[in-house]
Amino acid sequence: MNIKKIEEMDYYELLSLERNATQEEIENAYLLGIATYNPHSLGSYGLISEEERKLMLSRLEEAFQTLSNQEKRKNYDLQMSKGFLLYSQKASFRKSDSKLEIEDVETQKTVWDKIKSLLFRSKKAAPLPVSTREKSEPGASFTSGPTSFYRGEYLRRVRENRNLSLEEISHECKISLAVLKALEEENIKSLPKGIDISKFIETYARCLGLHPPNK
Amino acid sequence: MAVEQKSYPPAEAQIQTFAEKEKSGVFLHPEAKKTIWAVGGGKGGTGKSFISASLAIELASQEGDVVAIDADLGGANLHTLLGVKEAALDLGDYVNNKASQLKEIVLPTPFQGLRLIKGTENFLFMANLNHYKKLKFIRQIKTFDAKRIIIDIGTGSYFNTIDFFVLSNPGILVVNPEPTSIENTYYFVKSCIYRILKLYMDYYKIEEFKKKLAEQVGNNSQSLYHFFNTLLSYNKSQARLLYNALKIFKPCLILNKAASEKDLVLGQSIAHVVKKYLLVDLNFLGIVPFDERVPQSIQNFTPLLTQYPDSPASQAIKSIADKLVNNVNQIPF
């Protein structure tokens with residue numbers, strides 16, 4: 001089931017286009033949209049309100065401006081392929097609608113930061129710190145995989161810096177409060193057995209607007 | 001809306017068929033291997049009977065074995081448009097048990113390959129057809145010996161009219177390029193959506209959300225979004241079931257009495273709005289241009305396709321008939 005409100009649709013869905021739509025198809029779809037939702041159109045008479053009409057027109061304009069520009073479309077497609085647009089660009093914590101911004105959070109110098117700086121200098125990978133709790137849970141780790149960059153403490157600080165509560169993140173990410181809390185505390189024992197921690201960290205990070213590296 | 005009396009399982013004959021076909025996605029379609037097109041819409045005077053008669057004539061000339069049924073509860077006209085003048089048994093006689101089978105009241109027409117079941121002048125009776133008789137009628141249409149059946153269901157959103165429409169494959173809406181006609185078309189589509197969802201909810205006993213459905217479908221344009229998402233959070237399988245039922249409903253649209261080629265865009269606009277806001281795939285078949293020869297041909301008791309076969313309206317109807325036969329994504333039986 002794929003039911004979305006107008007404001008949740010991506011640009012292709014809004015214009016009823018395939019991902020490989022040509023420029024001509026994009027223009028035609030945009031023109032049809034304008035013809036349908038302009039204030040004098042009969043097509044939308046009797047079904048949608050004035051507010052809905054305005055919303056649709058502004059979304060159509062956004063969609064056309066993005067998809068008709070080669071560079072913007074390329075970036076948009078890239079964002080969609082990485083799943084960034086799973087989250088509404090109009091979410092409350094977003095500072096910008098045009099792109100995902102990287103949060104400029106001052107990182108606290110930790111042991112891990114020092115080790116990272118060593119890693120940057122040296123080609124040889126240093127052994128990663130593993131907590132004693134993690135030792136008892138093989139396979140479950142905050143320090144392996146592509147999301148090892150995001151420690152729980154870092155995610156917590158990014159979240160707090162954005163004035164976001166765990167409840168808000170839980171609602172956006174569809175991850176339970178208990179799991180989010182366990183991720184921030186790196187408390188593996190509290191996490192449900194069998195879950196893929198890296199996936200949850202990746203989802204949480206994306207929700208905060210961070211850019212987890214590719215696998 | 002009137003509440004149906006449940007002295008027997010609701011819509012039993014239909015639902016049994018629906019349940020059997022559900023997995024293959026043919027909930028709304030009859031068992032027999034035929035196509036049934038119901039021509040309807042929310043507003044009177046849009047040309048439904050004219051379109052029904054014209055499509056019937058064109059299809060009969062192409063393939064033969066077509067039956068036109070006049071189920072217009074607002075008054076039967078199909079016999080006039082098809083040149084059938086003699087008095088004969090009609091749908092009212094069938095409903096009143098003067099004829100037990102539909103085949104007893106089918107009439108020949110001047111057109112080879114085309115037969116007619118006349119509508120009744122007793123429109124009050126037809127408009128209030130009881131549930132059992134309606135089921136009997138529907139059952140017999142499904143098993144009637146004809147390759148194609150075109151039903152002129154007329155105007156309005158009576159229960160019976162809506163049921164005939166949603167049970168066809170596909171239903172054809174006829175609209176004019178006027179705000180009143182377009183508005184009524186949206187009402188009609190909403191009524192169909194409500195009826196489809198309610199049929200399923202009755203059968204699968206999804207009682208809790210019936211009231212919510214009644215409240216939300218009428219409220220605003222994106223109400224179905226709220227309805228389905230509420231149901232999704234409550235019971236995913238029920239939400240999926242109802243959503244799939246709705247996705248099978250794929251009516252078609254003809255814009256009649258078009259003033260110009262610009263009305264092509266209007267037809268596409270209506271389809272766009274219905275898809276985005278009512279979650280229904282509306283297939284726009286095309287426009288039939290306004291043509292003064294249409295009323296002239298009716299006054300002459302001669303179908304337009306016969307008297308003016310090369311007129312723009314005739315050409316448009318032929319093109320639409322081709323689309324219906326060849327291109328429209330009809331769900332297989």
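Student: Over residues 97-107 of chain A, what does pLDDT stay under, and how many contacts beyond four places in sequence does the model have for them?

Tutor: This is a predicted model, in which local features need pLDDT of at least 70, side-chain atom pairs count only at pLDDT 80 or more, and totals for chains, interfaces and linings use all residues. Residues are numbered from 1 along each chain as its sequence is written, while chains are lettered from A and ligands numbered from 1 in the order in which they are written. Since pLDDT is the predictor's confidence in each residue, from 0 to 100, the answer is a pLDDT under 50 throughout residues 97-107 of chain A, for which the model has 19 contacts beyond four places in sequence. Two residues are in contact if their C-beta atoms, placed from the backbone, lie within 7 Å. Where pLDDT is low, the predicted coordinates should not be read in detail.

Student: Where in chain A is confidence lowest, and where is it highest?

Tutor: The lowest mean, 38, belongs to helix α6 (residues 132-135) of chain A, and the highest, 93, to α2(A). Helices here are DSSP runs of H or I with at least four residues, and strands are runs of E with at least two, numbered from the N terminus.

Student: Why is α8(A) called roughly perpendicular to α10(A)?

Tutor: Axes are lines fitted to C-alpha atoms, for helices over the stretch in contact, and angles run from 0 to 180 degrees between N-to-C directions. Helix α8 (residues 166-173) of chain A packs against helix α10 (residues 197-207) of chain A at about 105 degrees, with the axes 10 Å apart. That makes α8(A) roughly perpendicular to α10(A), because angles under 35 degrees count as roughly parallel, over 145 as roughly antiparallel, 65 to 115 as roughly perpendicular and the rest as oblique.

Student: Which residues of α8(A) and α10(A) meet?

Tutor: A:Ile169, A:Glu172 and A:Cys173 in α8(A) meet A:Thr203, A:Tyr204 and A:Cys207 in α10(A).

Student: What makes strand β1 of chain B mostly covered?

Tutor: A residue is buried if 20 or more other C-beta atoms lie within 10 Å of its own, exposed if 12 or fewer, and partly exposed in between, with C-beta atoms placed from the backbone. In strand β1 (residues 35-41) of chain B, seven of the seven residues are buried. Among them, B:Trp37 points one way from β1(B) and B:Ile36 the other way.

Student: How do you know that β1(B) and β5(B) pair?

Tutor: Two strands pair if DSSP finds at least two bridges between them, and β1(B) has seven bridges, in the parallel sense, with strand β5 (residues 148-155) of chain B. In β5(B), B:Thr155 is the bridge partner of B:Gly41.
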